Each structure stands twice: as structure tokens, then as C-alpha cells.
Amino acid sequence: MPTKRTPRDAIRTWNPHPGWFVPLMVGVVLYNLAALPVWAGLSPWVMALVGMIGTAVLTVAAHRRFNADDYGRAHNRRVLVLSLVTGAVASAWLVFAAIVRPTDMIALGLLALALVAVGAVFALVRSQAPKQKQQQQQVKEQFSLEQAEQHKEYIEERTAAQHSDLMAQAGLEGVKVIKREETVFGFRLTLRDRTNKPVKYAGIQGAVGSLASILSAELEGDGIELGEQHVRAEETGSAHLFHINVRTKDVFKMPIDYPLGQPVGSIRNTVAPGLYEDLAQVLITILAMNGIMVGATGSGKTVFLNNLIAAVTRTNDAVVWLGATKKFTPLVLPWLAPWLLGKTNRPLIDYVAGPEPYRVLEMLADFYKLVCERNDELGAESKFTPSPQDPAVITFIDEASDLLDRHSDVKILTHEGNEWNASRLVDAIMAINRAAGSGMWLLTQQGLIDAFGPYGTMLRRNAVLRVAGQTTTDYDGTATLVGLDNVRTTRLRNYELLIQANVERPRAVPFKAFYLDGLDLIGPLAEVNTAHKPVLPMALKMKLSKAYQDRWSAERLPSVVKAAKKDLGVDWPARPHDTQTPVSSEPPVGDTNEKTEAQKPEAKPTRTATKEEVRSMTQQAHTKMQNAIEAMEMYGPLGRTMAPIMEVLLAEDCPEFTPAWMLAVVSGLTPRDAEKSVWLAAGDDLVKEIAGAPWYLEAEERAGDKGWTRQALLDRMKEFLKGEPAASATPSVPEQRPAQVREPLRTLLAALEGDDRQFITSTEAAQIVGNISAAELQRVMEGEFDLPVQRPRLDGDEGESRPRGWFLADLRRAAIRAA
């Protein structure tokens with residue numbers, strides 16, 4: 001129902017739009033009023049009384065319309081002065097016009113002159129009204145804020161005076177409470193140390209227990225239960241100022257839901273595994289950091305570990321290695337479930353090892369070798385920078401005390417020839433892994449020195465991040481959190497944790513990890529994160545041990561295989577990821593090009609290989625199989641170029657003809673945010689690649705752009721998948737599929753198709769392949785394709801001056817073997 005408007009409201013809101021309307025109406029009214037005495041035969045001085053009454057009415061109306069509360073006193077005074085002047089001038093004119101008649105030219109002229117003058121001033125005052133009103137509103141708001149601040153300061157001063165008495169009761173006489181502020185979790189007191197015999201931070205910490213008891217008694221009347229663990233001392237930037245955080249609201253009583261839908265990021269950014277007591281995110285850096293966590297059974301240790309795994313796998317430039325000798329299956333199975341159930345084509349975690357101690361040692365030995373390799377390749381760089389093509393490795397060891405302490409007698413031979421147990425190996429890793437862009441987390445139920453074996457006192461120096469949950473003894477907490485002798489981790493409740501993000505500062509802040517546990521919560525998250533999971537480069541995988549190549553075999557994970565059958569109802573994959581053996585659909589093709597005597601390499605005497613050489617060759621062959629399968633699974637049978645192009649072609653909105661540069665952009669072969677010149681260059685490269693082996697599909701030119709029709713590309717792909725050779729294929733180079741003949745050999749053979757030379761140097765080959773040095777190409781060709789560099793014997797050449805490279809016939813044989 002609309003509210004009833006009063007006459008005062010009408011006056012306050014009346015504002016005719018035309019600026020000339022008010023002066024015109026005033027002139028009309030004055031003219032008619034001046035004619036009344038003439039027509040009625042009254043004395044002209046009656047108009048003086050009318051003028052005074054009109055002036056009074058005008059002044060009151062103007063005062064209410066432009067009141068001081070809304071427009072300010074200055075503007076209100078200007079309006080009142082204008083009203084009085086206008087009333088006086090109007091009264092004088094009325095008397096004069098009544099004497100000489102309103103139709104008198106002098107009277108009309110004076111009226112017009114007065115209306116113009118007063119109208120101009122009125123227009124000026126009226127135009128300033130909105131600005132004056134806005135300024136007055138700002139003044140009122142500022143005044144209200146000042147009043148509220150003064151009231152807050154008064155309340156804080158009064159409260160501080162009350163709490164100062166509590167300080168004296170807690171044995172902190174002379175320590176003043178200078179401020180109390182409300183927080184999300186309760187309130188915070190700011191203390192100022194006394195100038196005479198300061199108590200310092202140690203004294204504040206020592207009095208926390210007494211202060212908690214006193215505050216608990218004070219708050220009991222308000223129905224608040226305050227435990228000693230809910231009162232916490234904290235340093236500030238100044239040595240004489242301290243904070244006392246009092247948690248009167250139990251913000252950790254209920255689980256904190258895991259935030260779904262987080263964007264894919266980089267391991268170089270901070271991650272958030274939970275919330276502080278003020279509900280701010282816990283931001284920590286995992287890359288190139290080592291961390292440890294202590295917590296008894298039921299302390300929230302596994303939930304915290306799951307948050308760290310989720311944070312790492314949500315990035316596109318880091319992979320997870322996970323090992324444990326206790327509670328291994330419940331930890332890893334939820335993360336592997338999407339792969340075992342066939343929802344993804346690969347497991348989310350790159351390497352799992354356990355529960356046998358030696359299996360975890362094998363993983364640590366590979367991790368140590370990986371760290372050493374990356375440190376050796378740094379050169380002038382100070383640290384390794386991860387990327388989607390060369391990701392960081394973050395390793396987690398759960399129940400580390402069982403491996404490092406109880407199984408300290410189990411040892412393994414490292415790549416350097418050292419026979420170390422887990423404690424010594426972890427110490428060596430933590431000492432050098434930060435420069436390699438790797439990280440390691442150890443989780444245990446006991447304090448550091450007791451839990452981490454003979455080298456526990458050594459490795460703790462390199463663990464920068466410290467987390468403690470509820471423990472069975474307070475010693476476990478104080479041994480983990482540096483410089484906090486009075487911490488009481490036995491009193492932590494509701495899965496509350498303490499984090500020390502910097503060992504150089506004795507400060508542990510309460511937080512709680514997001515609730516992430518069980519197959520129902522972890523399974524869908526693992527399925528989503530697998531889509532952007534990177535893989536280690538092939539060159540690095542080839543340097544790791546056979547244990548890494550066989551990491552998904554059923555023999556190495558019997559407990560997980562059994563649990564998968566029991567809990568998920570699935571059998572372990574007969575040919576799991578990275579262990580499938582590729583089968584070529586084409587028979588071997590011999591080399592038809594005979595070498596001349598000058599081209600043949602020097603004959604070498606034959607001998608029987610030793611057992612060690614046989615084992616090494618077997619491992620190399622096995623590694624090559626793993627790499628071939630990984631390439632097949634990652635890119636499919638069409639290879640890394642045609643596989644994304646086929647997805648574009650199958651889209652409903654795909655045009656009938658697509659330029660090459662546009663196809664390179666939409667299929668992800670070149671960045672979308674790059675310049676047009678980069679797009680065009682990528683399109684030219686795509687034209688050359690598809691025109692060569694094994695596609696032999698020339699591009700068309702339409703409207704100045706080279707490209708292909710949708711149907712032409714799809715037809716060529718169908719022929720390729722059926723195994724039908726392209727029309728332009730020649731028998732000199734057997735037709736190979738991109739996933740079978742891997743880079744850089746495929747690129748090299750395609751570029752050399754039709755070339756008359758018999759031999760190519762490694763420098764020339766590196767220039768053709770691009771983005772690789774000659775030395776690196778030699779290592780790849782020898783390690784991946786078993787094709788060592790050769791020095792052909794030519795007339796006039798001597799020894800080391802001969803160019804190094806490969807015969808083209810040997811390159812073709814290597815391509816056949818790789819297929």
C-alpha cells in the first residue's frame with residue numbers, strides 16, 4: 001500500500017524541470033497581483049502586506065526544500081538570502097505597479113529586469129544544489145564513521161582496561177592490553193610489554209596456561225567453553241608487542257568441504273590444503289620444498305596427504321610418486337580407481353610403491369637418480385624449472401617411521417654404487433633435491449629423531465615445512481615444530497593441525513585440512529585431474545631402473561591387485577599402462593641399398609656378450625617398448641599431429657575447407673594467443689608435414705590460404721588406419737605410423753625422402769630435426785633406437801677428423817625395428 005505524502009514532502013521533492021518555469025510563473029503571479037488594487041479600488045499599500053506574506057511563505061518553502069541536513073548550512077543560507085531578496089524586490093514592484101498600473105511600460109520593464117536578474121541567480125543556486133547535496137552526504141557519512149570509530153575505540157579502551165586486570169592475575173603485572181579486536185574465531189588481544197623488567201615473548205608463552213584458565217572462568221557465564229589449546233600467543237613485527245588469540249568459536253568442529261572446480265595451475269604457484277582459524281586459505285609452496293608431518297592415528301594425517309596429492313595432480317607440470325609400507329592399499333586405491341574402472345586410460349599417480357620395504361627403496365633410488373640427473377643438467381641455471389613437457393616430481397612417503405627406522409637394515413645399491421638404507425637415502429635426496437625442482441614429504445606417527453632412523457637428525461635440517469596433528473605425546477609435537485617447547489599437540493581436537501611454514505620463525509598456526517577421504521570423494525577428483533596429468537620425458541625415463549618400467553605389473557602390487565578385485569570388482573589390467581608390448585602389423589623389410597666398400601663401417605670382431613651386457617640390452621629393449629606404448633596411448637594411432645586434427649574435423653561446426661594456419665590454431669598445435677605471424681608459420685609447417693611421409697596429401701589454395709577440405713583429410717586418415725599405403729609412398733622408405741616410429745627419427749626420414757646422399761652427419765641431422773643439439777641427438781639415437789654414431793672411412797680422411805653421423809640405410813632399419 002503506497003505511503004501518504006504530506007505537504008512538507010511535496011515541498012521538499014518539488015523540482016520543476018524547465019529552468020525558466022519558476023521565474024516566468026513568478027512574473028505572471030506578480031502582474032496579476034498588481035492589478036488587484038486597480039480593479040478593486042484598494043490602496044496600493046495593500047501590496048506591501050501581500051509582499052511580506054509572500055516573502056515569508058517563499059522563505060519557509062525554500063528553507064524546507066533546501067534544508068541544511070541534506071544540502072549543508074552554506075547552501076541553505078544562500079537559498080534563504082535569495083528568497084528574502086526576491087520577496088523584497090517583488091513587494092516593492094507590487095506597490096509601484098499598483099500606483100502606476102501594471103500596464104505601465106516602466107513597471108513592465110522593471111519587472112522584466114528583476115525577473116532576469118533573480119532568475120539567473122536562481123538558476124545558479126539550483127544548479128549547485130545536487131553537488132552540495134552530495135558533499136553534505138559525504139560529510140554525514142564521514143561523521144558517522146568517525147562516531148562509530150570513536151565508539152569502537154571507547155569500547156576497546158574500556159575492554160582493554162578490564163583485561164589489564166586479568167594480565168596481573170595471570171602473573172603479567174605491568175603488561176598492558178592496548179587493543180582488543182573481534183575476529184572470526186573470537187577475539188584478539190594486543191599486549192605491550194612492560195618497560196621495567198620486560199617479560200618478553202617467552203614470558204607471554206609461559207603465562208598462556210594461566211591466562212586461559214582465567215579467561216575460561218570469565219567466559220563461562222556466557223556459555224563458552226574455553227580450552228587451553230584455544231588460547232595462543234603470537235609474535236608481531238615489534239619485539240615489545242604481542243598477540244593473544246582467543247578462540248571462543250570452534251570453527252574446526254565441523255568438516256570443511258573440499259573446494260571443487262579449482263582451475264588447473266602450475267606447481268610453481270602456492271597450493272591451499274585447508275583453512276586457518278580465521279577461515280583464510282593455508283597457502284604453502286610445494287615445489288623445491290621438503291616437508292614433514294607427525295600425527296597419531298585419527299589425527300587427520302591421511303586427509304592432509306590427500307589434499308597435497310590433489311594439489312600436485314591439479315597442476316600440468318608436476319607428477320606424484322607415492323610410497324608406503326603400512327596402510328598402503330587404502331591410500332593408493334582411491335587415486336587409481338578411475339584407471340582400474342576404465343574411466344581413464346592411465347593412472348593419475350605416476351609411481352606407487354609398497355608395501356614391501358624394498359619396493360619403496362627402489363622408488364627412492366630412482367628418485368635420487370632423477371634428482372642427480374637434473375642437477376647435472378642445470379649448467380648455468382641455479383634451479384630446475386618444471387614444464388608440462390618436463391614436469392617436477394613430488395614424492396610422498398606415508399608411515400615413514402616404519403621404513404626409515406624399523407626397516408633400517410634393508411638397503412639398496414644406488415646408481416653411484418653406494419649401498420644405503422632408506423634413512424641415508426632420504427637424507428641424500430633432501431640435501432640436493434631443491435635445486436632439481438623436486439619435493440619430498442615424510443609422514444609419520446612419531447617425532448622426527450625417533451622416527452627417521454639413524455640419519456633422522458641430519459634430514460630434519462632440510463625439512464622446511466612442518467605440520468603436526470594430534471599426537472600420543474607432546475614430545476612428538478615439540479620435536480617436529482622448531483622452537484615451540486610449550487606446544488601441546490596432545491590436546492588438539494576435531495582433526496585440527498598446526499603448521500610451521502618457516503623453521504626460522506617459532507610460530508605454529510592452527511588450521512584444518514579440507515575433507516578429502518574415501519573413494520566417493522577422491523575417485524571423481526582423480527578422474528578429472530588425469531586429463532591434464534603430464535608425463536616424464538622419454539629420455540629421462542630411459543635412465544631410470546627396471547623397477548620404474550615395471551611399476552604397474554601385478555607382481556609388484558599384490559595387495560592393490562587383491563583390493564581392486566574385492567572392493568572394485570575389477571581384475572588388474574593384463575597389459576597395464578607402460579607395460580604393453582607393441583605388435584607391428586607390417587613384416588620386417590630388409591635394406592635394398594647395398595653399401596660400397598668406402599661406405600661400409602669397419603668390421604668388428606664378434607664375441608659372446610656377458611650376462612651383465614645381456615641384462616643391460618634386455619632392459620634397454622624393455623624401456624623402448626614402454627616408450628612406444630606411452631606414445632601410442634598419449635597420441636593414439638594417428639600421432640601427435642593428426643590426432644588433435646581429427647577431433648577438430650569431427651566437430652559439428654567444422655567448415656568444409658579449413659586453412660592450414662587455422663587448423664594449427666584450433667587443434668592446439670600453436671598457442672591461440674600468439675601473433676598472426678606465428679600462426680602462419682605453424683600453418684606452413686603443417687602443410688609441409690602432411691605433404692610428406694606418411695600422409696602425402698598436398699594442400700589446396702583457396703582465397704590465398706593453403707589448406708584442405710574436411711573430407712580429404714578424413715579419407716586419408718581412414719586409409720592410414722586401415723593400413724593402406726598412400727599413393728605417393730615409395731618402397732625405399734617403409735610406411736610407418738607416427739606412434740610407431742617416434743621423434744626424431746620420423747622427422748629425419750620424412751625430410752630425407754628422395755635425397756641422393758648415402759650418409760648424413762649428426763650436425764646436419766640436428767638442423768633438420770630442430771630444437772635439439774647434435775650431442776643430444778646422438779644420445780637419443782643411440783639410447784632409444786640403438787643406433788650409435790658412425791665415422792665412414794673416406795679417402796684422405798684420418799681418424800678423429802672424420803665427420804660423425806649415420807648411413808641412411810641404417811636409419812631406415814632403425815625405423816623398422818622401432819615399429
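**Note on the predicted model**

1. K327 is partly exposed, with a relative accessible area of 44%. Partly exposed here lies between buried (under 20% relative accessible area) and exposed (over 50%), with a 1.4 Å probe and protein chains only. K327 sits in the loop between β7 (318–324) and α10. Its phi is positive, about 55°, although K327 is not a glycine. Most residues other than glycine have a negative phi.

2. On the source: this is a predicted model, in which local features need pLDDT of at least 70, side-chain atom pairs count only at pLDDT 80 or more, and totals for chains, interfaces and linings use all residues. Residues are numbered from 1 along each chain as its sequence is written, and side-chain values use heavy atoms, leaving out hydrogens and water.

3. Overall make-up. The chain holds 29 helices and 20 strands. These are DSSP runs numbered from the N terminus: H or I of at least four residues for helices, E of at least two for strands. Of the 819 residues in the chain, 46% are buried. Among contacts with a separation of 6 or more, 70% join residues 24 or more positions apart. A contact means heavy atoms within 4.5 Å.

4. Y495 also deserves a look. Its phi is positive, about 60°, and Y495 is not a glycine. The residue lies in the loop between α16 (474–480) and β14 (497–500). Y495 is exposed, at a relative accessible area of 51%.

5. Which peptide bond is cis, with omega near -5°? The bond from G354 to P355. P355 belongs to the loop between β8 (351–353) and α11. Most peptide bonds are trans.

6. Helix α11 (residues 357–376) has 20 residues, which at 1.5 Å a residue should span 28 Å. The expected span is 1.5 Å times one less than the number of residues. The end C-alpha atoms of α11 are 29 Å apart, which agrees. The helix is mostly covered, with 14 of its 20 residues buried.

7. α11 packs on helix α13 (residues 422–432). The angle is about 25° and the axes are 10 Å apart. Axes are lines fitted to C-alpha atoms, for helices over the stretch in contact, and angles run from 0 to 180 degrees between N-to-C directions. That makes α11 roughly parallel to α13. Angles under 35 degrees count as roughly parallel, over 145 as roughly antiparallel, 65 to 115 as roughly perpendicular and the rest as oblique. The crossing is left-handed. Left-handed means that the near helix is turned anticlockwise from the far one by less than a right angle; right-handed means clockwise.

8. Residues at the α11 and α13 contact. From α11 come L361, L364, A365, F367, Y368, V371, C372 and N375; from α13 come A422, L425, V426, A428, I429 and I432. By class, the contact has 13 nonpolar residues, 1 polar and no charged. Nonpolar covers Ala, Val, Leu, Ile, Met, Phe, Trp, Tyr, Cys and Pro; charged covers Asp, Glu, Lys and Arg; the others, Gly among them, are polar.

9. Helix α3 (residues 46–65) and helix α5 (residues 73–100) have axes that come within 8 Å and cross at roughly 160°. The two are therefore roughly antiparallel to each other. Their crossing is right-handed. On the α3 side the contact includes G51, T55 and T59, and on the α5 side S83, G87 and S91 are among the residues. The contact has 12 nonpolar, 9 polar and no charged residues.

10. A56 is a residue of α3. At 43% relative accessibility, A56 counts as partly exposed. How far apart are the C-alpha atoms of A56 and S83? The separation is 8.7 Å, for residues 27 apart along the chain.

11. Helix α10 (residues 328–340) packs against helix α20 (residues 558–568) at an angle of about 65°, with axes 10 Å apart. The crossing is right-handed. F328, T329, V332, L333, L336, A337 and L340 of α10 make the contact with S559, V560, A563, A564, D567 and L568 of α20. These divide into 10 nonpolar, 2 polar and 1 charged.

12. Is T248 buried or exposed? T248 counts as buried, at 19% relative accessibility. The residue lies in the loop between β4 (241–247) and β5 (274–276). Leaving out residues up to four places away in sequence, T248 touches F185, G186, F187, L219 and I224.
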